[in-house]
Amino acid sequence: MRRHDVVVVGAGLAGQRAALAAVGAGADVAIVSKLHPLRSHSGAAQGGINAAVGAEDSVDTHIYDTVKGSDYLGDQDAIEFFCREAGPTVVEMEHFGTIFSRGDDGSLARRPFGGAGFPRTIYAADRTGLALLQALYERLGTEPFTLYEEWDLTSLIVRDERCQGIVGFDRRTGSFEPIAAKAVVIATGPAGRIYGRTTNAHTCTGDGIAAAYRAGAFLKDMEFVQFHPTALLESAILITEGARGEGGILKNGKGERFMSRYAPHVLELASRDVVSRAIWTEVKEGRGFPGDFVHLELMHLGRERIESRLEEICDFSRKFAGIDPVVEPIPVMPAQHYMMGGVGTNIQGATNIPGLFAAGEAACVSIHGANRLGGNSLLETLVFGKQAGIAAAAYARTAADPSIVVADGKAEAARIETMVRRPDGEDPATIRVDLQRLMDAQVGIYRDFATLADALAKLKALKARYAKVRVRDGSKAFNLNLVEALEAGNMLDLAETIIVGAIARTESRGAHARTDHPKRDDAGWMRHTLAAYARDGPKLSYAPVAYTRWEPKERVY
Ligand SMILES: Cc1cc2nc3c(=O)[nH]c(=O)nc-3n(C[C@H](O)[C@H](O)[C@H](O)COP(=O)(O)OP(=O)(O)OC[C@H]3O[C@@H](n4cnc5c(N)ncnc54)[C@H](O)[C@@H]3O)c2cc1C
């Protein structure tokens, strides 16, 4: 029987930082990851990480920008803590060996990002995530811990009202294995693949969020889904906000720099919800290019700057769109990019289930509220990953030994193997694609009651199809067809929480834009949505937003 003090699920920035903190606190730690750690989606992050460093910037402006960006749904106590930790966190990553880009005087280079009152996004060209992930992996590698690689978390074991471990699917052997843990940290990252048009990697299916939800954890604010304004037209590969930060501009089919109509002060550097809605509106009102898109122009920045600061963007545009951004505009449209919602936690990463913690994109503290600012998410993984690791190790120190038995894995195997043994039924891939099409078409940037209610009915139909899902591949080793079936089930559960939360929230706030309720309603809706699992669909309740000193105001950029 495998046993550890702390099991961290996920080996992206949040999971690795949690593991490092828990090892540092003296715990016996294991990481369970379906991917090689360096393949985690954190490595795809391009633009940078926010921190108010240097004399001209201030932590207070970072706090204010984040509160405003969140459309006043972010918890202000958490945001204050987060922004104060930013400087020390970035410096620590620098000391771990992250090679950040530098200014001429040798100080950390910073670029402007959307919704930020000061250029405070620190970067490593347009490969910031990979630079951070590699440095952290090397640092973590000097510590003792166990790595279960190519293992999928399938469920959490909650017994006697506390989390006592997990069941994992070992892809290599095809077996379901229980791992006893005094504390578990969910750091499984994004769920963006619920959408078809997304910047997220194919593996971002929200598994850990779904497992926590089914185990009884509250999911917070799931209806808030971020769409990034600029993704390549066909592939939806991200073109970082750093491209606009470096001076890139947006133009519609009439050649107008249309952002002047939507954000007269900061134009392209308004926050993401604002820019995405602007692009969408231009196209829907007939001012896009034929084929429905707008242009992102970088040409005026000159070859040297484009190729040095946005090297990867050049590469992506040339290889995946056949466009050379040095000499021609890049055709772009918004794409799903980030989930503001996730497993509800406090500042220490604790959930409502004792012994269960969460951090990173899978969690919702909440610091992003209704809309995340670019550059705040990489920072979140490190700041709150560390907190969750410390808290999990502290909890494990006093927790009794888990009462997990080998049969716990067998029960899970039996539940899942019915999918493999079924003589007929539908392949998980078709259900997954139909879900993605539904979410793209009906749960996107703009929403209304009728479209959402219809989406919920269609989602229920997809769930009924999923009840008869069939895994055709009967093999034991690396049965990715089975993995796909597990992922599809997770995606369906989470999509339901998004739709149900979006139907209930009769206002427009941040990324949640209801055409039938176009105004923000602070009296009725300045509260967090909590979704609890029930067999017939999520049960919603609400929690207050934490205030310190920032009064809600109208959000203009
Ligand atoms: C293209 C792109 C660019 C971005 N650019 C930026 C940026 O410039 N700045 C910024 O602040 N943010 C950016 N973001 C957002 C940010 O990168 C992510 O929110 C953050 O890196 C998520 O980190 P994480 O550790 O929570 O998850 P991840 O890095 O995704 O790690 C998740 C881990 O969980 C594991 N896992 C998942 N499911 C299971 C399972 N069932 N069993 C076991 N293990 C599992 C995976 O193996 C992986 O190791 C970007 C996001 C994308 C998609």
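Student: Which residues does Thr 128 touch, not counting residues up to four places away in sequence?

Tutor: Thr 128 touches Ala 45, Gln 46, Gly 47, Gly 48, Ile 49, Ile 122, Tyr 123 and Leu 378. Please keep in mind that this is a predicted model.

Student: Why does Thr 128 count as buried?

Tutor: Buried means under 20% relative accessible area. Thr 128 has 0% relative accessibility, so it counts as buried. You can find Thr 128 in helix 4, residues 128–140.

Student: What makes the pair formed by the side chain of Thr 128 and the backbone oxygen of Gln 46 a polar contact?

Tutor: The cut-off for such a pair of N or O atoms is within 3.5 Å. The side chain of Thr 128 reaches the backbone oxygen of Gln 46 at 2.7 Å, so the distance meets that cut-off.

Student: Why is Glu 161 called exposed?

Tutor: Exposed means over 50%. Glu 161 has a relative accessible area of 69%, so Glu 161 is exposed. Glu 161 lies in the loop between strand 7 and strand 8 (162–170), and its phi is near 60°, a positive value in a residue other than glycine.

Student: Why is Glu 150 called partly exposed?

Tutor: The class between buried (under 20%) and exposed (over 50%) is partly exposed. Glu 150 is at 32% relative accessibility, which means that it counts as partly exposed. Glu 150 lies in the loop between strand 6 (146–149) and strand 7. Phi of Glu 150 is near 60°, also a positive value in a residue other than glycine.

Student: How many residues surround the ligand, and which element gives the most?

Tutor: The ligand is surrounded by 39 residues, and the closest are Ser 40, His 41, Ser 42, Glu 361 and Ser 377. Helix 11 gives the most to the shell, with four residues. By class, the shell has 15 nonpolar, 19 polar and five charged residues.

Student: Which residues touch the most other members in the largest nonpolar core?

Tutor: They are Leu 156 and Ile 194, in a core of 72 residues. Helix 15 (residues 480–504) gives the most to this core, with 14 residues. A second, separate core has 62 residues, including Ile 122 and Val 365. In soluble globular proteins, nonpolar side chains tend to be buried together.

Student: Where is there a cis peptide bond?

Tutor: The peptide bond from Val 365 to Ser 366 is cis, with omega near 15°. Ser 366 lies in the loop between strand 17 (363–364) and helix 11.

Conventions. Residues numbered from 1 in each chain as written. Predicted model: local features only at pLDDT ≥ 70, side-chain atom pairs only at ≥ 80, totals over all residues. Heavy atoms only, no water. Near = heavy atom within 4 Å. Helix = DSSP H or I, 4+ residues; strand = E, 2+ residues; numbered from the N terminus. Nonpolar A, V, L, I, M, F, W, Y, C, P; charged D, E, K, R; others polar. Buried < 20%, exposed > 50% of the residue type's maximum accessible area, 1.4 Å probe, protein only. Polar contact = N/O pair within 3.5 Å; in protein donor to acceptor, adjacent residues only side chain to side chain. Contact = heavy atoms within 4.5 Å. Core = buried A, V, L, I, M, F, W, Y, C linked by side-chain atoms within 4.5 Å.
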